[in-house]
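Here's a quick tour for anyone meeting this structure for the first time. Have a look at it below, and then we'll walk through a few spots together.

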Amino acid sequence: MTALLPQVLNLLLQFLDSFGFLILSAVGLAIIFGMMGVINLAHGEFITVGAYGTALSYHAGLPLVAAMVVGVATTTVFGLILEFTVVRRLYGRLLDSMVATWGISLIMIQGLRVVFGSSLDSIGTPLGNIQYGTFSYSTYRLLLAGASLALLGALYWMFTATEFGTRARATIQDEEMSRALGVDTNRMYLLTFGIGSALAGLTGALYAPTMTIVPGMGSTFLVEAFVTVVVGGASVLVGTTGAGVLLGAINALFSNLFGTFAGRMALLVTTILIIRILPQGITGLLNQIREEEA
Amino acid sequence: MTDTVLALDGIDVSYGSTPILRNIDLSIEAGETVGIMGRNGVGKTTLMKTVIGLLSPTEGTVTYQGEDVTDLPANRRARLGMGYIPQGRDVFPDLTVHQNVRMGRSISDHKSENLVDRVYEYFPRLDERRGQKAGTVSGGEQQMLAIGRALAGNPDLLLFDEPSEGIQPSIVQQITADIGRMSEELGVTVLFVEQNLRVIRELAERCYVIDNGRIETELGATDLEDEEAVANYLAV
Amino acid sequence: MSFEVVVEVVLDDAGLDDRPLIVGVDVDVLFGGFASSSREAIRPIVDENQQLYFYTNQYEGGVCDTYTWCTGAVPEQQISTTLEFLTNEFGNDIYTIAADYNFGQITAAWYRKIADEVGANIMEEEFIPLDVSQFGSTINRIQEADPDLLVTLLVGSNHASFYDQKNAAGLDVPMSTTVNMAQGYEHLRFDPPALTDMYVGVNYMQEIPTDQNQTFVDGYYERWPDADYVGQMAQNSYFTTYLYKQAVERVGTTDQDEILATLDEEPITVEAPEGTVTTDPETHHVTHQIRLARADENHEISFQNQQAVEPYWLRETPYPGCDLTETTGASEDEEMTQYEPEGV
């Protein structure tokens, strides 16, 4: 019993860790994809901008939390500028949007390298660790999992309980009708892209203290983000959350039992199976269940 | 002087290089209920979309309450007080009935008062279904919802694309009655497109007949009383 | 007689195909390549053109090639003396985490081989894909195994996040590697205490506290004031240039056949910033001064256990049995094998 409890805790913490990483990686991408049909291949680099903004202002002397706010703000402004200049022209053009944002991603990686060099000084992880049995775990990483849950809660509230959320959902469901009801859909898209960018920036800001800060750091988030969005399907909240739970659990279990490599394999195999069995992802499955009930 | 709510002047509309509407002139005075009739595919829906601003004319001007709105996008026109009820209803399926109704409020946002409560008075069945997803209610209820949604914003002009399409006859009758009542009680001007003879005769004070993208003729109140003559215009 | 060596820098952005470099420019000697992948792409072309080539970075070992001289440190040099020292100090149970590609796999095999030789025990090995940046489960598993020594053969910026995450999780264990600090100066780039108790067998780091090295480091920064660090590859390229100079002076010509021959005849010794370095004609590698470098919690570097270590493994018989003195001059079909430790 005494040996079992820490093991169970291990699994639970692993799950939370994995869940948090998947959700935070994916949520900005999911919102932009779900609402605007644009696949932002520069999503990873948006996260990088968040981390850079955070690290640079932290090293300039700001307290960590304030530095994170700067990181998020920088990414948001950056995203808005990009929407206005490039992305705006690509709505509904899936493949074009992928090529263009991939180009943006390459420019950003090299641009960051040219301007800031091959890496920034890292930020140490704050908050120490908690002990249990022979194990210990970083408190900050627990906080990250908490942040992902809080973020999902906040997004749920935003989409279901606010005027903006209703209009955003109306715009996804029927853009033309929304315009005919007075919704400035261009502004809606701008705001949505801004929110997606802000969330990517937040992810970068939150993970900045746990990672090496280099121009290419975004790529490590991109795989998780895509896997989560693909498994989740089009629904931003339900799909992403469901995918986070499913993939997080599988990744935690296999990593814990057989190591990181196995965890990663299990993650990708699950994704392939889901694409095969449920092409619309978890969203599709839920819709199916709902229809059968109705 | 009469108040002209809407005037189209020499409107041409094309999809790509295919002309759909040619040289459309029409005008509607405040408080009028005007029909546009014609067979399938003659450009009625295109005309409605051109009025609300979802399509842009290649020639001509759209004047709304004395203002040239030809270059304004749909969302700006809607906010000047145009309530649009599209063919096929186009309710937001994943929003609740109540959220759908509230979406209409931005129409005429210059007015202090919105009509959300009035909507539920007109359509008690919507009141019963407030919390239900709009995609799950019946076709007739969706039509009521589409009307209620446009009405909620207290519009000056209702644009109504085929109210009778795809709806049971009994409900058509009720909806027709509702529209008549609303136009009377709220003083809203109505422009509607229809090919159902009964609906046209019941609602329209006068009527334009479209064929081949042109206005063929205009029927006044007395013309509309002659059922057979009107039916001829709709015959293939 | 004395020669002035003229170094011409030929930039080659194409990277993996150096044919135009050799064929077009007609060089006397070729230096270059940073990664094993580029070296292995260069070697066939070098052999085909019978071009003398110096690869100066440390690598995973095993190249036995008539035209190629590898003057960086190799695993048997970096690991043999240090692992013995570390197991004596901390205990015999070793846990290895390594990047999941040829460098990590081969170096992990080296740790297995040398652990066998010094009587240590590799409890577990975990190979980690290069795109992994989150190490929660790995840290868990290490804590569960509770090793005396953690061997980290991690590569790239994603993997670099391990150290910070390990400390944040409170995993406290001495570490050993062959890659960090001497090459990527991680002890300066990462915030302390990320690399606390990291032990690396190095042939060179700029912190080596000798007058000879101090002169070199001062000269380096005078010439390139903006340099971040003088790493092992800088030093290796530096002394290798002097090795070549000596060979040229010995034969009195830059003729490649003659230089290849004299390099194979008898060892050449130079005084490098790291100390005395001697070529090994049999294997085309060099004997290095290996020190065990340790980073403390402030990332201050200290050195201990300095020894001259020969590149002894390649010439072991029957395997790999490398003896390049036999093939002086030119062989038409140079073997491309890169030997790896066997049976471990």
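## A pair of strands in chain B

In which sense do strand 6 and strand 7 of chain B pair, and over how many bridges? They run parallel, and four bridges link strand 6 to strand 7 (residues 157-161) of chain B. Keep in mind throughout that this is a predicted model.

Zoom in on that pairing and you'll find Tyr84(B) opposite Leu159(B), which belongs to strand 7 of chain B.

## Who touches whom

Two pairs of chains are in contact, and chains A and C share the most contacts of the two. Chain B and chain C, on the other hand, have no contact joining them: their closest C-alpha atoms are 37 Å apart.

Let's take chains A and C. Here 33 residues of chain A meet 28 residues of chain C. On the chain C side, strand 5 (121-128), helix 5 (136-145) and helix 6 (156-168) each bring at least two residues, and helix 6 of chain C gives the most, with seven. Sorted by class, that side of chain C has 12 polar, eight nonpolar and eight charged residues.

Now for chains A and B. This contact takes 15 residues from chain A and 21 residues from chain B. Helix 2 (74-79) and helix 3 (97-103) of chain B each supply at least two residues of the chain B side, and the largest share, four residues, comes from helix 2 of chain B. By class, the side of chain B that touches chain A has 12 nonpolar, five polar and four charged residues.

## A kinked helix in chain C

Helix 2 of chain C (residues 36-48) is worth a stop. Its 13 residues, at 1.5 Å a residue, should span 18 Å, and the end C-alpha atoms are 19 Å apart, so the two figures agree. Even so, there's a kink of about 25° at Ile42(C), shortly before the proline Pro44(C).

Which residues of helix 2 of chain C are buried? They are Ser36(C), Arg39(C), Ile42(C), Arg43(C), Val46(C) and Asp47(C). Their cover includes strand 1 (30-31), strand 2 (53-55), strand 3 (68-70) and helix 4 (102-118) of chain C. After helix 2 of chain C comes Gln50(C), with a positive phi near 50°.

Notes: Residues numbered from 1 in each chain as written. Chains lettered and ligands numbered in written order. Predicted model: local features only at pLDDT ≥ 70, side-chain atom pairs only at ≥ 80, totals over all residues. Contact = placed C-beta atoms within 7 Å. Nonpolar A, V, L, I, M, F, W, Y, C, P; charged D, E, K, R; others polar. Expected span 1.5 Å × (residues − 1). Bend = angle between axes of the 7 residues up to and from the residue. Buried ≥ 20, exposed ≤ 12 C-beta atoms within 10 Å, placed from the backbone. Pairing = 2+ DSSP bridges.
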